[in-house]
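Hi,

Here is the structure I promised to pass on. Have a look at it first, and then read my notes below.

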Amino acid sequence: MEAGARPTAFVTGADGFLGSELLKLLVARGHEVSGLAGSVDAAEQVRRTGARAIVGDLATPGMWQDEASADWVFHVLPHPFDGVRATWQRAACLTHSRVLMDAHLLDAVAAGSTRRIVYVADASCYGATGRRPITEDIPLRPSAWGRCLTPALDRVEGYALAGLPIITALPGWIYGNASWFRTRVIRPVMTGRRVLQFGATGPWVSPIHVEDCARALVHLAEHGVVGGRYFVVNDDPIRLHEFATLFARLAKRTLHAWRFPTATARLLAGPIVADHLLSDAVFSNIRLRAIGFRFNYPTLERGLQQVIGALDEFCTRSYGHPATGDH
């Protein structure tokens with residue numbers, strides 16, 4: 001790399017919720033960025049961010065592997081059960097495919113000159129935490145959902161011990177104007193439909209705004225300790241139901257909730273995803289802050305104000321009036 005030049009970057013899951021935000025950030029910072037896309041439509045979405053689209057499938061070795069050896073590699077896979085009822089058979093397939101996809105990527109970059117690999121894992125590997133934030137050094141006690149992902153994380157640890165410059169990021173509940181948050185909170189609240197909730201309050205969770213999450217991944221590439229794990233969460237744990245409650249209040253809408261007993265979650269979502277939806281997941285960000293990261297949205301309220309502001313701006317530009325308030 002020439003002196004003064006920005007590191008090149010390669011991003012998997014580039015058309016996903018977090019991956020697309022990461023692409024936009026890296027392009028805005030002046031990096032030469034390539035994004036792996038699994039279809040022609042996904043490739044077009046990648047190009048719209050200003051990045052170069054590489055069409056390929058992590059599950060299948062191919063020419064995309066020749067393009068993966070950038071200075072920075074960000075391995076960002078979408079949530080595999082978003083909106084899908086998870087069975088044990090699907091979970092077993094997930095475990096196998098995740099290990100396989102990781103191997104196809106990491107083996108491809110192992111012989112190259114990649115300086116940092118930021119591997120985005122799932123904090124569910126730590127299991128239910130209780131209300132007190134845990135640190136990254138706590139032993140893993142994975143829940144049913146976490147056990148699906150732990151084999152991949154164990155393999156990644158092996159790659160790190162073998163010398164690959166891997167830094168593991170463990171985001172909490174990522175929110176923003178897309179993905180699960182748009183489908184399950186924004187749209188029903190803004191249209192007066194019911195928000196599906198399990199239990200009276202929901203578990204305690206650690207949220208993170210998608211923009212802050214993308215910024216944190218880049219910060220880890222620049223300042224993270226190779227071999228280290230970092231929880232990527234904001235400063236303020238919340239009850240899961242607060243996502244909808246606070247969004248409705250800030251958007252000046254009445255929240256209509258459809259509440260079910262917690263046991264119902266196992267029937268509707270299956271025992272694996274229900275485990276994820278009903279368990280406390282509270283993590284400390286002290287290690288991330290210790291390497292100099294600062295949040296633009298340290299609380300859920302600050303982050304939701306940004307989401308609503310972006311909605312208002314879009315609706316004003318498109319329809320002549322904001323999305324929220326009286327009009």
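Let me start with burial: 53% of the 327 residues of the protein count as buried (under 20% relative accessible area with a 1.4 Å probe, protein chains only).

A word on where this comes from: the model is predicted, so local features need pLDDT of at least 70 and side-chain atom pairs count only at pLDDT 80 or more, while totals for chains, interfaces and linings use all residues. Residues are numbered from 1 along each chain as its sequence is written, and side-chain values use heavy atoms, with hydrogens and water left out.

You'll find eleven helices and 13 strands (DSSP runs, H or I of at least four residues and E of at least two, numbered from the N terminus). The C-alpha atoms fill a box of roughly 55 × 45 × 40 Å along the principal axes.

Now the inside. The largest nonpolar core has 39 residues, and Phe10, Leu105, Ile166 and Phe283 touch the most other members. (Such a core is a set of buried Ala, Val, Leu, Ile, Met, Phe, Trp, Tyr and Cys residues joined through side-chain atoms within 4.5 Å.) Helix α3 (88-110) is one of the elements that supply at least two residues of this core, as is strand β5 (116-120). The largest share, eight residues, comes from α3.

Leaving aside neighbours within four places in sequence, Phe283 is in contact (heavy atoms within 4.5 Å) with residues including Tyr126, Pro133 and Phe231. Another core, of 38 residues, lies apart from the largest one, with Val33 and Phe293 among them.

Cheers

Terms used
Buried means under 20% relative accessible area, exposed over 50%, partly exposed in between (1.4 Å probe, protein chains only).
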